[in-house]
Amino acid sequence: MKDGDEKRFMTRALGLARRGVGLTHPNPMVGAVVVREGRIYGEGWHRGPGEPHAEAVALEMAGEAARGSTLYVTLEPCDHHGRTPPCTEAILKAGVVRVEIACEDPHPLVRGKGLRRLRDAGIEVKTGLGRTQAEEINRAFLHFARENVPYVTLKLATTLDGRTADASGNSRWITGERARLAVHRLRSQVDAVLVGAGTVLADDPLLNVRGIRGGGQPLRVVLDPELRISPASRIVGEASDGRTIVFVRRGIAVSKKRVFEERGVRFFTLPVRSGIFGWNDMAACLVDLGVLHLLVEGGAQTATWFLARSAVRRVELFLAMKLLGDTGLPSVMDLHVAGLGNAVSFDLRGCRVVGEDVRITADAR
């Protein structure tokens, strides 16, 4: 088969995988295509937990045509029983003779087991075709599988000179409507959105998803060691769905928390050091809550806290064509950087116009 055809079939599988954006948590997004003699006989994508995996869907569609075929799949097939049977069994039963896998799955339950099972059965297995795109699609899942901490995306909306609000603290609206809609799309693709208490007090945000079809509503997380937010805040008003989480320090009076809990807020108590939480403590709690991908939308203090701890893996910067000068509030505070050689650095991933603004995507080095 020609290299161009190989790439075309894997590109199709990658496109199918992207259909699962916002739907598959905590599972990865996977697409699969069954090809024999240059023709697609079956294809599928994973639609969500408990639903058949992409490989099973594609093989069922192909039926008897799968015998002697090549399977193109974006992630290593599983070889364990979970909510669904192992994909390796479906592949072997279908009579597939060759499998092209875009990238390996580092999850402890998989981690090479699928590759070994298929190769031991005499199936030709290759990896790497479409790897970059496959790893981008599942960057949060793969990071979590390797590190057991959430993948953190930091969202910033600033003026050209890096200001997030004017001197009075007003930030509505620095960016335009299309940029704000893009932020809602980001929210629909993550497990939790996090802000500090200062943002709740200043902006009274809802932190939910609006104007976007598909996907889900993320957890709403507030860092508030001293429990300064008001029971009348909108984020508390949204708490009846049980998806508003507040991290507080040990020692906060039960009576102070009661009015929040009556409205559905869930509290998690963490130790503080020098008045702030530790990332390891917070990350462990978020993992227990099922958070693989965390979107940080807080103000300068919260952004600085995550950046200073090297917790940020991606920055999504929405840049407005405006200037505020010294009277504006900065997007990031002191990072204790001695000079350019010690700057917190990122690699540019993308830059595009979004309405009247520019969106810059960058990844941590």
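**Exercise 1. Pro85 and its surroundings**

Task: State which residues Pro85 is in contact with, leaving aside its neighbours within four places in sequence. Then determine whether Pro85 is buried or exposed.

Solution. In this predicted model, Pro85 is in contact with Cys78 and His80, once neighbours within four places in sequence are left aside. The next step is to locate the residue: Pro85 belongs to the loop between strand E3 (70-75) and helix H3 (87-94). Its relative accessibility is 53%. Exposed means over 50%, so Pro85 counts as exposed. Finally, Pro85 and Ala56 are 29 residues apart along the chain, and their C-alpha atoms are separated by 9.2 Å.

**Exercise 2. Arg18**

Solution. Beyond four places in sequence, Arg18 is in contact with Gln133 and Ile137. Gly31 is 13 residues from Arg18 in sequence, with a C-alpha to C-alpha distance of 7.8 Å.

**Exercise 3. The nonpolar cores**

Task: Name the residues of the largest nonpolar core that touch the most other members, and describe the contacts of Val34.

Solution. The largest nonpolar core holds 40 residues, and those touching the most other members are Val34, Leu59, Leu71, Val73, Ile91, Val96 and Val99. Helix H1 (residues 3-18) supplies the largest share of this core, six residues. A second, separate core has 30 residues, including Ala192, Phe247, Val291 and Val312. Turning to Val34, its contacts beyond four places in sequence include Ile40, Tyr41, Ala58, Leu59, Ala62 and Leu71. As background, nonpolar side chains tend to be buried together in soluble globular proteins.

**Exercise 4. The chain as a whole**

Task: Compare the radius of gyration of the protein chain with that of a compact globule of 365 residues, and summarise the overall composition of the fold.

Solution. A compact globule with 365 residues would have a radius of gyration near 21 Å; the protein chain has 23 Å, which agrees. The C-alpha trace spans about 70 × 45 × 40 Å along its principal axes. The chain contains twelve helices and 18 strands. Buried residues make up 49% of the 365 residues. Among contacts with a separation of 6 or more, 71% join residues 24 or more positions apart. As for charge, there are 51 positive and 42 negative side chains, and the centres of the two sets lie 1 Å apart.

Key. Residues numbered from 1 in each chain as written. Predicted model: local features only at pLDDT ≥ 70, side-chain atom pairs only at ≥ 80, totals over all residues. Heavy atoms only, no water. Helix = DSSP H or I, 4+ residues; strand = E, 2+ residues; numbered from the N terminus. Rg over C-alpha atoms; globule rule 2.2 N^0.38 Å. Buried < 20%, exposed > 50% of the residue type's maximum accessible area, 1.4 Å probe, protein only. Contact = heavy atoms within 4.5 Å. Lys, Arg positive; Asp, Glu negative; His and termini not counted. Charge placed at Lys NZ, Arg CZ, Asp CG, Glu CD. Core = buried A, V, L, I, M, F, W, Y, C linked by side-chain atoms within 4.5 Å.
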